[in-house]
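Subject: Handover of a structure and the findings from it

Dear colleague,

Please find the sequence and the structure below.

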Amino acid sequence: MIDVQNLTRTYGDTTVVDDVSFSVQPGRTTGFVGANGAGKTTTMRMIMGVLAPSAGTVLWNGDPITAEVRRSFGYMPEERGLYPRAPIAEQLVYFARLHGLSRAQASARTEELLSHFSLVDRADDILDALSLGNQQRVQIAAALVHEPRALVLDEPFSGLDPVAVDSMVDLLTREAAGLPLLFSSHQLDLVERLCDDLVILSAGRVVAAGPVEDLRSRGADRYRIEMQGADAAWLRDVQGLQVLDVDGPVALVDLDGIDAAALSRLVVDHGPVVEIARARPPLSEIFREVTR
Ligand SMILES: Nc1ncnc2c1ncn2[C@@H]1O[C@H](COP(=O)(O)OP(=O)(O)OP(=O)(O)O)[C@@H](O)[C@H]1O
């Protein structure tokens, strides 16, 4: 488990990461989100030891993290880390060898990863000759090639088309099973799909953190009601309900006094019903609320 404890980074008088604490647990995917400049990259660099914190520490399984542990991590830095003019397979083998794999293991692993991304026939091409999406795939392959103990990925999905995203998600789900995985992203739909836990950063501070399910279920008790054929506008006259929206037979309401059982009875008594269902806010809404 990676424990980030009270990490702070200042540049001159400006604090860009301010007392940030969270943990990344094994077998759980943790999404790291925040507006541009919130401090995600700076935090990840401090986790990886490429930037010294002004204060705070990082622990690995309860002990202060060492350079050796960090070397065993798979890291995809924001500035990426591969050589633009070198053939991709050669680079992957080289990185695997740097991490102690034998030549045979390094070649087998490289082939496996290139094959996952359908890049086997590009193995001898230089990185720069590939499309941006394919370059991104090779960057991820480089972070995975040595079978890391944990993954820290700075925007691994940026610039990928939906098919490439799916293939990356597949690979990460398989390769990161059982590992702590932290990744930053601006694509909240993707974060929602992939993450177990979430850390939301705003102006250098953690403004919300925890299991995605918990974050989505906190706040208002919201329901979606669909009447059969009939207009749902009558709900506006019900005491103890806040009606957020009515669109013909469909209404979105927050409970504001009455409980869910009472609402169900009222709705069923009023006429034929298609659905009464809990409506949890999407991540994008939570994000907007906590970063406001
Ligand atoms: N070397 C530096 N000197 C001064 N300020 C810096 C330096 N590096 C980063 N910053 C500032 O720190 C803040 C946080 O930047 P950081 O790159 O960590 O944010 P981010 O959340 O990763 O943003 P993005 O989503 O745009 O990548 C920004 O305001 C940035 O300008």
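**The shell around the ligand**

Helix α1 makes the greatest contribution to the shell around the ligand, giving 3 residues. Please note that the model is a predicted one. The residues that surround the ligand are Tyr11, Val16, Gly34, Asn36, Gly37, Ala38, Gly39, Lys40, Thr41 and Thr42. Sorted by class, this shell comprises 6 polar, 3 nonpolar and 1 charged residues.

In general terms, the strands of a sheet pair through backbone hydrogen bonds, in either a parallel or an antiparallel manner. Here, β1 (residues 2-11) and β2 run antiparallel and are joined by 7 bridges. In one of these pairs, Thr10 has Thr15 in β2 as its bridge partner.

**Helix α3**

Which elements do the buried residues of α3 pack against? They pack against α4 (103-116) and α5 (132-144). Helix α3 itself covers residues 88-98, and its buried residues are Ile88, Ala89, Gln91, Leu92, Val93, Phe95 and Ala96. As background, residues three or four places apart in an α-helix point the same way, because the helix has 3.6 residues a turn. Just after α3, Gly100 adopts a positive phi of about 100 degrees.

**The two domains**

The protein chain is divided into domain 1, covering 2-216, and domain 2, covering 219-291. Taken over C-alpha atoms, the centres of domain 1 and domain 2 are separated by 40 Å. Between the domains, 11 residues of domain 1 are in contact with 9 residues of domain 2. On the side of domain 1 that touches domain 2, the elements giving two or more residues are α7 (188-194), β9 (197-202), β10 (205-211) and α8 (212-217). Of these, α7 supplies the largest share, with 3 residues. By class, that side of domain 1 has 8 nonpolar, 2 charged and 1 polar residues.

Yours sincerely

Terms used. Residues numbered from 1 in each chain as written. Predicted model: local features only at pLDDT ≥ 70, side-chain atom pairs only at ≥ 80, totals over all residues. Domains from an automatic or database assignment. Contact = placed C-beta atoms within 7 Å. Helix = DSSP H or I, 4+ residues; strand = E, 2+ residues; numbered from the N terminus. Nonpolar A, V, L, I, M, F, W, Y, C, P; charged D, E, K, R; others polar. Pairing = 2+ DSSP bridges. Near = placed C-beta within 6 Å. Buried ≥ 20, exposed ≤ 12 C-beta atoms within 10 Å, placed from the backbone.
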